[in-house]
Amino acid sequence: MNQPLQTKLEIAGREPFADGVEFGETGPYEWVWGTVTFLVDPLAPVFQNIVDLDKVPRGDEQQVQYSTEFFLLKPVSPDRGNRRLFFEVGNRGTKLLLNLVNDSERVEHPKTLAHAGNGFLLRRGYTLAWCAWQGDVLPGDGRMTMTLPLPMDNGQPI
């Protein structure tokens, strides 16, 4: 394989945010969500420090596959945004960015105008992004999750 990492993005859905309310000159926002799938070359030098990667099952091309959920809150008209992405590495599958920066209530899937809080980031045209990164987070309550392969030893999960 020529590249140590390949990705595939699948969009599962999209919906208006806050009933299409306009946030200043940026205008309305929408949610876009789905899954990013990664294929990793476990022999690539960049991945040699990942514990037990050599014990993970590989696909037909000897690649290790894993996936993560992602969420984007973006301007409906990207040309009205500021061309900046604000990415939050969520903690335990939660989205805290609007709560921490926009002073909104804490909810896993913000949908209403109240969930935009003071609208600070949205009025300034930012695209907000989240993805799961912890493989031990259980699904439910709107948490973002990952799908990771299990390392095996003598046919048994480690």
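Seven aromatic pairs are found in this structure, which is a predicted model. One of these pairs brings together F17 and W31, whose ring centres lie 6.4 Å apart and whose planes stand at 85 degrees, so the arrangement is edge-to-face. F17 belongs to the loop between β1 (5-16) and β2 (29-40), while W31 sits in strand β2, so the pair ties together parts that are 14 residues apart in sequence. F17 has a relative accessibility of 0% and therefore counts as buried, and W31, with a relative accessibility of 0%, counts as buried too.

W31 also forms an aromatic pair with W130, and this pair is tilted, with 5.5 Å from centre to centre and 35 degrees between the planes. Here the link runs between distant parts of the chain, since W31 lies in strand β2 and W130 in strand β5 (residues 127-131), 99 residues apart. W130 counts as buried because its relative accessibility is 2%. In describing such contacts, a pair of aromatic rings is characterised by the distance of the centres and the angle of the planes. Taken as a group, F17, F23, Y29, W31, F71 and W130 make up one aromatic cluster. A charged side chain meets this group at F71, where K95 lies over the face of the ring, at 4.1 Å from the ring centre.

K95 and W130 lead on to the cavity. The structure holds one cavity of 30 Å³ or more, and the volume of the largest cavity is about 40 Å³. Its lining consists of K95, L96, L97, L98, N99, S104, E105, R106, V107, P110 and W130, so that K95, which lies over the face of F71, and W130, a member of the aromatic cluster, are both among the residues that line the largest cavity. By class, this lining divides into six nonpolar, two polar and three charged residues. The largest share of the lining, three residues, is supplied by α1.

With a relative accessibility of 6%, T94 counts as buried, because buried means under 20% relative accessible area. When its neighbours within four places in sequence are left aside, T94 is in contact with R106, E108 and M144. Of these partners, R106 is also one of the residues lining the largest cavity.

The largest pocket is a separate feature to look at, with a volume of about 280 Å³. Which residues line the largest pocket? They are V40, F47, I50, V51, D52, L53, V56, V64, Y66, L148, P149 and P151. The lining of this pocket has 11 nonpolar residues, no polar ones and one charged residue.

Q62 has a phi near 60 degrees, a positive value in a residue other than glycine, and Q62 is placed in the loop between β2 and β3 (64-75). Is Q62 buried, partly exposed or exposed? Its relative accessibility is 45%, so Q62 counts as partly exposed. D141 is likewise not a glycine and has a positive phi, of about 55 degrees. This residue is found in the loop between β5 and β6 (146-147), and D141 is exposed because its relative accessible area is 65%, where exposed means over 50%.

These details can now be set within the chain as a whole. Its secondary structure comes to two helices and eight strands, and from the N terminus on the elements follow the order β-β-β-β-α-α-β-β-β-β. The C-alpha atoms of the chain fill a box of roughly 55 × 35 × 25 Å, taken along the principal axes. Of the 158 residues in the chain, 39% are buried, among them F17, W31, T94 and W130. Among contacts between residues at least 6 apart in sequence, 67% join residues at least 24 apart, and the pair of W31 and W130, 99 residues apart, links distant parts of the chain.

How values were computed
Residues are numbered from 1 along each chain as its sequence is written. This is a predicted model: local features need pLDDT of at least 70, side-chain atom pairs count only at pLDDT 80 or more; totals for chains, interfaces and linings use all residues. Side-chain values use heavy atoms; hydrogens and water are left out. On a 1 Å grid over the protein atoms alone, a cavity is a set of points where a 1.4 Å probe fits but cannot get out, and a pocket is an open set with protein on both sides within 12 Å along at least five of seven lines; lining residues have an atom within 4 Å of a point. Grid points are joined across faces, edges and corners, and a volume is the space filled by probe spheres set on the points. Ala, Val, Leu, Ile, Met, Phe, Trp, Tyr, Cys and Pro count as nonpolar, Asp, Glu, Lys and Arg as charged, and the others, Gly among them, as polar. Buried means under 20% relative accessible area, exposed over 50%, partly exposed in between (1.4 Å probe, protein chains only). Contact means heavy atoms within 4.5 Å. Helices (H or I, at least four residues) and strands (E, at least two) are DSSP runs, numbered from the N terminus. Rings of Phe, Tyr and Trp (its six-membered ring) pair if their centres lie within 6.5 Å; planes under 30 degrees apart count as stacked, over 60 as edge-to-face and the rest as tilted. A charge sits over a ring if NZ of Lys or CZ of Arg is within 6 Å of the ring centre and within 35 degrees of the ring normal.
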